[in-house]
Amino acid sequence: MNTPAPAPATAPETIDLAALARETKVHEVLDELDRELVGLAPVKARIRDIAALLLVDRGRRLVGLPTEPPSLHMCFTGNPGTGKTTVALRMAEILHRLGYVRKGHLVAVTRDDLVGQYIGHTAPKTREVLKKAMGGVLFIDEAYYLYRPENERDYGQEAIEILLQVMENQRDDLVVILAGYRDRMETFFRSNPGMASRIAHHIDFPDYGAGELYSIAQLMLTKSGYLLAPDAEVALRDYIGRRIVRPNFANARSIRNALDRARLRQASRLFATPDRPVGRDELQTIAAADLLASRVFND
Amino acid sequence: MRVTQGTFSFLPDFTDAEISAQIEYALQQGWALSVEHTDEPHPRNVYWEMWGMPMFDLKDAAGVLMEVNACRKTFPDHYVKVNALDATQGWESTRLSFIVNRPRHEAQYRVVRQEGAGRAIRYTVERADGGHH
């Protein structure tokens, strides 16, 4: 499709990009991204860039300028819980609205879904996953596990080769997003130059600050219909400050888990209050005690 | 002689785009798809070789076309067909089945008449080009 497309007889001289954007409703997804995801400014900026590129590309095609099918394979790097999967879901939606993937679904897999245990087991497994992802986005979490240099007979290499072939030859049919820790992804790309050269967009997901994590917690609570008591707000800020410096801190995921545990404690607390009807307020309020019982406050 | 069995077999051969459109229709109905091939398209030969497992949970025709092309590449001189299977009754039943690949030289058949006891006549459709044993 590299050849300059002959301008159709009816090709317009000018193109209204804003109208094109409205027509594809891509702004709805971008605004939703802004609204529902806290922080991640560099990520949002990159996604806006990509959306703009695709939109301009469509405009170019409409006026009959040559367009090259853009390479859309991406790599999302960042620590756990920084929103890679969530953004990948939105990315699938954006690409669908702009007409770069036909169906817009996301298939999330890890090494185990692609690599088999025996000779001849890997290719059918990988192909199976690829077939399911056709027309959408294939999200490979912790992609570097596909490559195990310590075992030269590892079947991961076979999966990588099949992936590469499809990424190159069927660009119209699916978009691949690799995700994982930044340093490990870099090592992976160094040993798989073929993969590195086929990935056009590298997006780095920064860790959240304490303030952002607090907003995320508020958002999660609102979504599930809970409120924080005034003293619980203080306790939550305190909790976040302590949790951040602990090992195995996984950003938003840790916050979600903490809130789930707080809900458990709230439930037991209410359940342990016998002989008294429980009101709507009590049912939806997380008290400071529910958070302060966490073991991060023990040391 | 052109082998005519399955849906669309009196039409000219489908292009890949037309095959995709049919697969897309089947996917929209929620049917699973499978690819099968044989070198003996005798009307009584209902068991064609399976090209891999039937495909469930696919969203897009490109995945099926990938298998069709792989099968054609491996068996360019076989008949290849795409089946669409409907499971709404609790078992998989074929809703649609069409040929997507034919060998360069189509299989030839002839009708043989045999005199039986009591002037009974039996007819057999047998391979005429020696292509299959």
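# Overview of the two chains

Of the 133 residues in chain B, 27% are buried, a residue being buried if 20 or more other C-beta atoms lie within 10 Å of its own, exposed if 12 or fewer, and partly exposed in between, with C-beta atoms placed from the backbone. In chain A, 32% of the 299 residues count as buried. The structure is a predicted model, in which local features need pLDDT of at least 70 and side-chain atom pairs count only at pLDDT 80 or more, while totals for chains, interfaces and linings use all residues. Residues are numbered from 1 along each chain as its sequence is written, and chains are lettered from A and ligands numbered from 1 in the order in which they are written.

Chain A has 14 helices and seven strands; helices (H or I, at least four residues) and strands (E, at least two) are DSSP runs, numbered from the N terminus. Its C-alpha trace spans about 80 × 55 × 30 Å along the principal axes. For chain B, the corresponding span is about 60 × 35 × 25 Å.

# Contacts along the sequence

Two residues are in contact if their C-beta atoms, placed from the backbone, lie within 7 Å. Among contacts in chain A between residues at least 6 apart in sequence, 79% join residues at least 24 apart. In chain B, residues 24 or more positions apart account for 51% of the contacts with a separation of 6 or more.

# The sheet of chain B

Chain B contains two helices and six strands, arranged along the sequence in the pattern α-β-β-α-β-β-β-β. Four of the strands form an open sheet in the order β2-β1-β3-β4, with antiparallel pairing; two strands pair if DSSP finds at least two bridges between them. The edge strands of this sheet are β2 (49-50) and β4 (93-101) of chain B, each of which pairs on one side only.

Strand β1 (residues 32-38) of chain B is joined to strand β3 (residues 79-86) of chain B by seven bridges, and the two run antiparallel. Within this pair, B:L33 stands opposite B:A84 in β3(B). Helix α1 (residues 16-28) of chain B packs on the sheet and touches β1, β3 and β4 of chain B; its direction makes about 170° with that of β4(B).

# A buried strand in chain A

Strand β1 (residues 74-78) of chain A has four of its five residues buried, so it is largely enclosed by the rest of the structure. Four bridges link β1(A) to strand β4 (residues 175-180) of chain A, running parallel, and A:F76 has A:A179 as its bridge partner in β4(A). Five bridges link β1(A) to strand β5 (residues 201-205) of chain A, also parallel; here the partner of A:G78 is A:F205.

# A helix pair in chain A

Helix α10 (residues 210-223) and helix α11 (residues 230-244) of chain A pack at an angle of about 125°, with their axes 10 Å apart. Axes are lines fitted to C-alpha atoms, for helices over the stretch in contact, and angles run from 0 to 180 degrees between N-to-C directions. The angle makes α10(A) oblique to α11(A); angles under 35 degrees count as roughly parallel, over 145 as roughly antiparallel, 65 to 115 as roughly perpendicular and the rest as oblique.

Residues A:A210, A:L213, A:Y214 and A:A217 of α10(A) make the contact with A:L236, A:R237, A:I240, A:G241 and A:I244 of α11(A).

# An exposed loop residue

A:D275 lies in the loop between α12 (251-271) and α13 (280-284) of chain A. This residue counts as exposed because A:D275 has 4 C-beta neighbours inside 10 Å.
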